[in-house]
Amino acid sequence: MPTEEKIELPKDLLEFIAKWKDKQGNLIMILHKTQEHYGYIPRAAAIELAKLLDVPLAKVYGVITFYHFFKLKKPGKNIISVCMGTACYIKGAGDLMAECETLLGCGVNCTTDDEEFSLQGVRCVGCCGLAPLITVGGEVYGKLTPDALPAIIAKYRSK
Amino acid sequence: MATVNIKINGLPVEVEQGTKILAAAKKVGVNIPVLCEHSDLEPWAACGICIVKVEGSPKLVRACATEVVEGQNYITHDPEIQCVRRTVLELIISNHPLECLNCARNGVCELQQLAEDFCIREIPYESGVKELPKDESTKSLVFDPRKCINCGRCVQVCQQLQDVWALEFIGRGDNTLMTAAGGALISESPCIKCGQCSAHCPVGAIYEKDETQTFMQMIASDKHVAVQIAPAVRVAIGEMFDMAPGTITTGKIYSALRRLGVDAVFDTNFAADLTIMEEGTELVQRVTKGGILPQITSCCPAWTDYMEKYYPDMIPHFSTAKSPMMMQGAVTKTYYAEKKGLKNTDIASVAIMPCTAKKYEISRDDNMQASGVNDVDLVLTTRELGRLIKSAGIDFANLVDEKADSPIGAYAGAGTIFGVTGGVMEAAVRTAHKLITGEEIKDVNVSAVRGTDNVKVGEVVIGDAKLKVAVAHGMANVRTIMDEVRAAREAGLEPPYHFIEVMACKGGCIAGGGQPYGTNDEVRAQRTAGLYNDDEKSVVRCSHQNPEIIEIYKDYLGEPCSHKAHDLLHTKYQERPIYSK
């Protein structure tokens, strides 16, 4: 775990914590909100939350690491999601993923060294007619073959 | 209490309602194997090796966590069950390194024992040992995650029994890992080094830092090796030599230490008496001169560490008296050294302790160098001493009892009961009575503070005064008392107690994290009885009557809490962060 400086939680997060502090199930709600703000859960934020909620840090991490949704590392500027739903999978999502890994030089669920891209596999995106597809940020790129990927990635690189 | 009539393999048995199948089976002499279950903890059905059948149902249920139901017949052993258990065992072993020979638990491992019981000779599964680094970040404990079988005992102990929350599982499924708070090192977590995780671990995944070879090097050197033994060691080490728990082996330990080549054999019980003189005097001063009350005991290094992290506002309440071990170390390298004509650097001071936190305590801050150098150079746990005695070929059980060396080896009964919950309080009351009233206490047995209740609260009459006392053991039981003290302080009320004793481990030091394996409530009771027996057999029962204590004050320290006593025997505390990373 990287050591981080002390953190000051943003005002809206503090207000959210105040509202949820005494309610059951508050930890997950607050972790969601924290990740919404930072894009992940920084260790300093986790320590701060543990203090504010009077919950042991060990428990906070037990929850963070139990759910795949929560991230411990800062994600890249652009998140490339390769749809691994049934339709995309049959139509070659595996090849797309492999090509992305080669092009980015990082594995699935990892971030490139320059923090430009994070790569992940996702469940069905809901537009199987476009299979196989990837999404970058909010954009959907459908009916892809691996040779279409370099151009898409180039579009986002240090934009 | 309502009872339930059931059958175990057709044998009728009547048990209390709410009894688990595992306990019911034990009642009729049937042992069901377990790896995650421990009688100190709530069952949580992790390992799956204790499965049994309920007659008439196709399902297998876990005996550790399933309550018996009236009229049912439970099948605990048949070829199918044995086969399932064997598979569970094989799967666990397939993820476990086969390094028994150089493992800290070699010969005393629960998994190894089960593998032997089940005649495991081959593992039909591919080995899936996770290659992860050892965590040796503390001076007390080593965590080897490769050997962890994810039974969860350490996590439950750390959270339920101790309320420390240093340990937790992270991840899920095959990626589940036991780690210190969120993947940090143990030294960066809230860990208080009590070692209860190591005492409860069924395998060699968490164990005390073994320093037996450092000890042998000291013996081989030209240093004058002076050893002290803690109260709780004498009623437990015998277990490693097939003696019953609670057997008092003080004289045999003295003898074994001399055979190992030690130059001077002392007893921490002497310093326990010294602690009472200092801490008792401090208490009397606080009570009579309007000092900060309640006074809280400080002999337990795990509790001190916990207080500095979780209750730093209690620092002014803490007795400034050092623990008996540190006092013994300080007088060994000053008073004894002078008498013997030795320099402090000529002496290697070693302590045999039932405790892993003691390994941390010797260098917790620079007050632990009152003699100018480390007052205690090395701490070995009871388990380590047991191994040293075995490796030296000493027939421990048949040793002739010997005596400790003077002038810091004699002890009163009060000193010996330091090893059990309530003992420090009782010893303090015996001497406080004399200090306050000038008269000896009529009945030295202070029953109000004895027993196994998690929190013991009582009043002790001393002359015209009533001393309100509280005793807690098991770190998780401290909270109620501390909250009471805080609440009274915030409300501006009289403090609810005058004197509070805290020991981190359930039952006190007799069940410390460095004691022989297999501690449970039955063993705790036997070791406790052993120490009270040692107290009763003692001619001198009160610390202030110990002739060597009288002598050290006369010859060297002056009065209790004198300037010299303060320099050598007292310390300070500081707030420490719960998470250092």
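A: Chain B has 18 helices and 17 strands, where helices (H or I, at least four residues) and strands (E, at least two) are DSSP runs numbered from the N terminus. This is a predicted model: local features need pLDDT of at least 70, side-chain atom pairs count only at pLDDT 80 or more, and totals for chains, interfaces and linings use all residues. Residues are numbered from 1 along each chain as its sequence is written, while chains are lettered from A and ligands numbered from 1 in the order in which they are written.

Q: What radius of gyration does chain B have?

A: The radius is taken over C-alpha atoms, and the globule rule is 2.2 Å times the number of residues to the power 0.38. For 581 residues a compact globule would be near 25 Å, and chain B agrees because its value is 25 Å. Its C-alpha atoms fill a box of roughly 75 × 55 × 50 Å along the principal axes.

Q: How many bridges join S1 and S3 of chain A?

A: Six bridges join S1 (residues 78–83) to S3 (residues 117–122) of chain A, and the two run parallel. Ser81(A) has Gln120(A) as its bridge partner in S3(A).

Methods: Two strands pair if DSSP finds at least two bridges between them.
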